[in-house]
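User: Could you walk me through this one? I'm new to it, and I'd like to begin with a single residue before we get to the bigger features.

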Amino acid sequence: MGWGLFLLAMLAFLPALRNGYIWDDDQHVTGNAALRSMQGLWRIWFVPGATPQYYPLAFTVFWVEYHLWGLWASGYHAVNLVIHGLDVVLLWRVLRRIGVAERVAILGAALWGIHPVQVETVDWVMELKNVLSTFFYLCSARLLLRMWDFESPGRRVATIISQREPLYAGATALFALALLTKSVTATLPAAFLLVLWWRRGRIAWRDVAWIAPLLALGAASGMWTAHMEHAYVGAQGEPWALTGPQRVLVAGRAATFYAAKLAWPWKLTFFYPHWLIDPARWRQWLYPAGVVVVIALLAALRKRIGRGPAAGVLYFLGTLFPALGFISVYPFRYSFVADHFQYLACAGLLVPAAWLIARLPGRVMPAVAALVVAALTVRSFARCLAYRDAFTLYSDVVAQDPHSWVGRSLLAGQLEKRNDPAGAQAEYAAATQLAPDVVENYEGIAHTNLTMGHPELAERQLEALLKRTDLTKVRKGGILNELGGVEEVLRHRSEAEQLYRESIAADPRLSYPSHYNLAAMLMQDGDLAGAEEHFRAAVDLVPENADGNFALAQCLWQEGKRAQALVYLERAASLNPDSNKMQQAFLQARAELGR
């Protein structure tokens, strides 16, 4: 049966193997310099901010994948798909271990494994962290479950555990691996206590005592992730400045939204509309009130229908908690909900759904089950086609929601890459109409003007942006760097140099592009010492960037520092083995120096 579930999951998401990269995959894989070297691997683990999020085990797997097949997208998709298939099998085994009936466990795992809301996780390269963290989560859960004897509730838990301390150590280690892959798995200890309540109707203090260290480990991981989201990812400012009542409204509406998408997986999209959250509108309070009512009804009916449905809903809400709005995460800038947020949590509702189907009489049950499985498989298969590449996905977002500013903005970026600046400018302009306060869309318009040969217009537009009072340090630094490039085009060299320096001062931590651009300009002007200084600063910020190392090497070579240049040429060639230019330059330099 395990192989059957695995192959069913493979079939549902098979088109993923032909798909490419989409949003943020550049930061995680294609443009992630940390994947290129051993030094980068060290930075993944020991330098917070070296990667978009501090999930070192996930990025270590990316590092290994990169060194196995480079940027071959199908390889990354295949790994995600295989791990997801293993997750489906593990979920089935865990459900059986906690006492779920065989046919319910099989159908519940199948529904979880093929549901269309899972496409976003399985078909998105960067969401390796979702499938891999779930793998460790379920492995840890299996070991924890082996320490409790659900068949003999009268036995003392402490006695059982004391005989199986290696299981506890293994479960803890696997839980730590899950947290190092994605911290949403921090909810595992609470989920385990919920299972104990479901099976026994109580939670003993002995149970809590054994689970407490895992609870503390999960809480520490969650707090660290929240700090990283705020300090490094950028989840701060107006989009995340929600009051307590607003966060309750977000949580209530998000929970009902996710449940509705599980019941009717239609009009799925990569970016859902951003809700207006207003505590003064009484209708919005119906969402959290409805959640409370459902929990209360299930608790009241537990003697008639059992504790299972209540446990499933509580698991669903508890596992979703990190994404319900009580903790600010960067994607809330675009939407309060995303399909991949409920990858693990949705088992809490899909397994009870399988239980309801299993209760159907006679031959009706297998017919309904087969129909549901077939419909979900076909829907997931079709949904995978929208993830063919970034252009296809963002076009789908705009088709699903023409009022999506982020969809239009991202589509504009893809049009720029396709050498269609006029089309890109039209999309940026539409995005500014939909979201007048979003600065990067105005930057996009200025950049397309520069591309179309209107640098003076681009200059005026960027200068106007710098007068805004709502710019973050990161955004201001980017605009200053962009304006510096425009001034270079206009041959205003001194103004360009000043702007690059101001960009560096605005946000030194993310000033690699400004250092690089300033160094390149100084090198063109014959100031090799100044160019070396800024190329070195760029390389210090991102040591794994092949272009930065190569540019520094060229500068050093022109200065006559050829031995030093050879070191950076060798590093650049090793970081980008596919670059004939870098390989040939390194070999020629080594031959000239007799090395």
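**Talking through the model**

Analyst: A place to begin is H515, which is found in helix α26, residues 512–524; helices here are DSSP runs of H or I with at least four residues, strands are E runs of at least two, and both are numbered from the N terminus. Please keep in mind that this is a predicted model, in which local features need pLDDT of at least 70 and side-chain atom pairs count only at pLDDT 80 or more, while totals for chains, interfaces and linings use all residues. Residues are numbered from 1 along each chain as its sequence is written, and side-chain values use heavy atoms, with hydrogens and water left out.

User: OK, and is H515 buried or exposed?

Analyst: H515 counts as buried because its relative accessibility is 10%, and buried means under 20% relative accessible area, with exposed being over 50% and partly exposed in between, for a 1.4 Å probe and protein chains only.

User: How far is H515 from A374?

Analyst: Their C-alpha atoms are separated by 55 Å, and the two residues are 141 residues apart along the chain.

User: Which helix holds Y66, and is Y66 buried or exposed?

Analyst: Y66 sits in helix α4, residues 56–69, and with a relative accessible area of 13% Y66 is buried. From C-alpha to C-alpha, Y66 and A190 are 36 Å apart in space, and 124 residues apart in sequence.

User: What about L298?

Analyst: L298 is part of helix α14 and is buried, its relative accessible area being 16%. Between L298 and V313, which are 15 residues apart along the chain, the C-alpha separation is 8.8 Å.

User: Let's switch to loops. Where does D527 lie?

Analyst: D527 is in the loop between α26 and α27 (528–541), and D527 is partly exposed at a relative accessible area of 35%.

User: Which residues have a positive phi without being glycine?

Analyst: One of them is D24, with a positive phi of about 70 degrees, placed in the loop between α1 (2–12) and α2 (25–30). Another is K267, whose phi is positive and near 55 degrees; K267 belongs to the loop between α13 (244–263) and α14 (286–300), and K267 is exposed, with a relative accessible area of 56%.

User: Now helix packing. How do α5 and α6 sit against each other?

Analyst: α5 and α6 pack at an angle of about 155 degrees, and their axes are 9 Å apart. The axes are lines fitted to C-alpha atoms, for helices over the stretch in contact, and angles run from 0 to 180 degrees between N-to-C directions. The pair is therefore roughly antiparallel, given that angles over 145 degrees count as roughly antiparallel, under 35 as roughly parallel, 65 to 115 as roughly perpendicular and the rest as oblique.

User: And which hand does that crossing have?

Analyst: α5 passes α6 in a right-handed crossing; a crossing is right-handed if the near helix is turned clockwise from the far one by less than a right angle, and left-handed if anticlockwise.

User: What about α1 and α5?

Analyst: The axes of α1 and α5 cross at roughly 140 degrees and come within 8 Å, so these two helices are oblique to each other, and their crossing is right-handed.

User: Which residues line the largest cavity?

Analyst: Its lining consists of Q53, Y54, Y55, W224, T225, M228 and E229.

User: And the second largest pocket, how much space lies in it?

Analyst: The second largest pocket holds about 710 Å³ and is lined by 35 residues, with L95, I98, V100, W198 and V351 lying nearest its centre.

Definitions and conventions
1 Å grid on protein atoms, 1.4 Å probe; cavity = no way out; pocket = protein on both sides within 12 Å on 5 of 7 lines; lining within 4 Å. Points joined across faces, edges and corners; volume = space filled by probe spheres on them.
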